[in-house]
Amino acid sequence: MALFDYTLDARSGHARAGSFETAHGTIKTPVFMPVGTSATVKGIRTQTLEEIGAQVILANTYHLSLRPGEDLVAEAGGLHKFMNYPGPILTDSGGFQVFSLADTLKLDSDGLTFRSIYDGANIRWTPETNMEIQQKLGADIIMQLDQCTPYPAEYDFVDKAVELSANWARRCLAAHHREDQTLFGIVQGGMELDLRLKSVELLQQINDESIAAGHKGFGGFGIGGYSVGEEHEVMFETLGLVARALPEDKPRYLMGVGNPTTLVRAVGEGVDMFDCVLPTRTARMGTAFSSEGRMNMRNAKYTHDFTPLDHACDCPTCKNHTRAYIRHLVKQNEMLGAILLSIHNLWFLIHLMDRARDAVLAGGYDEFLADWMNSPAAKDY
């Protein structure tokens, strides 16, 4: 496989199993990607990430550009050397974080100005400067700068955001030159199917025009602007049609979604890649995913329960520690409790996607999905 080729290994219904080649290894999809916002998955060593089967991790351009700064990361040799992680890395553009700070944001057609959450300094980003930052960070996969709309939002506002995001996608693609990186475009459009499909069409046009001009195209496509406050069922009204409107020969990445049932259902709609802070964030609150559904480890019923956290799990936490011990750690606010639960939750999602891939390869994804939806594990939120 050539660098950044995507190979469709199998299909079962709309579900896909694929292989995506990067400079730091092949990513087998469907895949869940742990989030390491500030070049660290909170509380988890990079060696542990390898041990639990993480194929690719995320870092955040917004936070890293502010601290420690992209120049320092570049001086260290890029993110892989800075954090000593040998596998593929993806950086998001930071646009979601900027737009979530709407009270400090000034937006125009050329770019955006915002205030640093660390020291209050005014910062100016354009698509070109954003690409410069991400190329210095050196991830394998980088994302275009886009405008993420909130939910709910007026139709005309979302339409303008689609146009702006497409214009920025064109500029990002023109400004991106690293051959050992690939750039993903991002589909926007809120919950409006016609605007979602318009966004897909615009990105495909930009891709084709860039290739015709002798430049590179997009290596894949993010699907952004979901999981921004809407009910999950609202997302699923349009997600499948949007995913399947994207090219067959490129990865499809649903951004910021991470509860197990949503992942399993989204794979069934044709999505390949996922990321979310949910497994580690909920772990820090004392919550675990499991084959029995979501577990609140503060619950008194676990006080004398000396069985594994999840009887169906082979992660290091479940192999070595009991529910009673984990509850004790959580109740005492010991950092080890959050670490052990983070390891478990990450393992749970990573290997859930491995099982989903196996089901696709075996041609039985519909049965896998039905079994999941009828299991206690589906009660995950």
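Asp159 forms a salt bridge with Lys198, with 2.8 Å between the closest N and O atoms, where a salt bridge is a side-chain nitrogen of Lys or Arg within 4 Å of a carboxyl oxygen of Asp or Glu. The pair links distant parts of the chain, since Asp159 sits in helix H7 and Lys198 in helix H8, 39 residues apart. This is a predicted model, in which local features need pLDDT of at least 70 and side-chain atom pairs count only at pLDDT 80 or more, while totals for chains, interfaces and linings use all residues. Residues are numbered from 1 along each chain as its sequence is written, and side-chain values use heavy atoms, with hydrogens and water left out.

**Salt bridges**

- By this rule the model holds 20 salt bridges.
- Asp159 is partly exposed at a relative accessible area of 21%, and Lys198 is partly exposed at 25%; buried means under 20% relative accessible area, exposed over 50% and partly exposed in between, with a 1.4 Å probe and protein chains only.
- Arg357 and Asp9 meet through their side chains in a salt bridge of 3.1 Å, N to O.
- Because Arg357 lies in helix H15 and Asp9 in strand E1 (residues 6-12), this pair ties together parts that are 348 residues apart in sequence.
- Arg357 counts as buried at 12% relative accessibility, whereas Asp9, at 33%, counts as partly exposed.
- A salt bridge of 2.8 Å, N to O, also joins the side chains of Arg244 and Glu269, with Arg244 in helix H10 (residues 239-245) and Glu269 in the loop between helix H11 (260-268) and strand E14 (273-276), 25 residues apart.
- Arg244 is partly exposed at 29% relative accessibility, and Glu269 is partly exposed at 22%.
- A network of salt bridges links Arg11, Arg16, Glu248, Arg252 and Asp272.

**Helix H7 and its surroundings**

- Helix H7 (residues 155-175) has 21 residues and reaches 30 Å from its first C-alpha to its last, close to the 30 Å expected at 1.5 Å a residue, the expected span being 1.5 Å times one less than the number of residues.
- Helices (H or I, at least four residues) and strands (E, at least two) are DSSP runs, numbered from the N terminus.
- The buried residues of H7 include Val158, Val162, Leu164, Trp168, Cys172 and Leu173.
- Among the elements that cover the buried residues of H7 are helix H6 (127-137), strand E11 (182-187) and helix H8 (193-212), where contact means heavy atoms within 4.5 Å.

**Nonpolar cores**

- The largest nonpolar core has 98 residues, of which Phe32, Leu49, Trp125, Leu239, Leu254, Phe274 and Tyr365 touch the most other members.
- Helix H15 (residues 335-361) supplies the largest share of this core, 12 residues.
- Another core, of 17 residues, lies apart from it and includes Tyr6, Ile186, Tyr253 and Met273.
- A nonpolar core is a set of buried Ala, Val, Leu, Ile, Met, Phe, Trp, Tyr and Cys residues joined through side-chain atoms within 4.5 Å.

**The E8-E9 hairpin**

- E8 and E9 run antiparallel and are joined by 4 bridges, two strands being paired if DSSP finds at least two bridges between them.
- The hairpin they form has 6 residues between the strands, and Gly120 in the turn has a positive phi of about 80°.
- Leu112 stands opposite Trp125 in E9.
- Strand E9 (residues 122-125) has Ile123 and Trp125 on its covered face, and Asn122 and Arg124 on its uncovered one.
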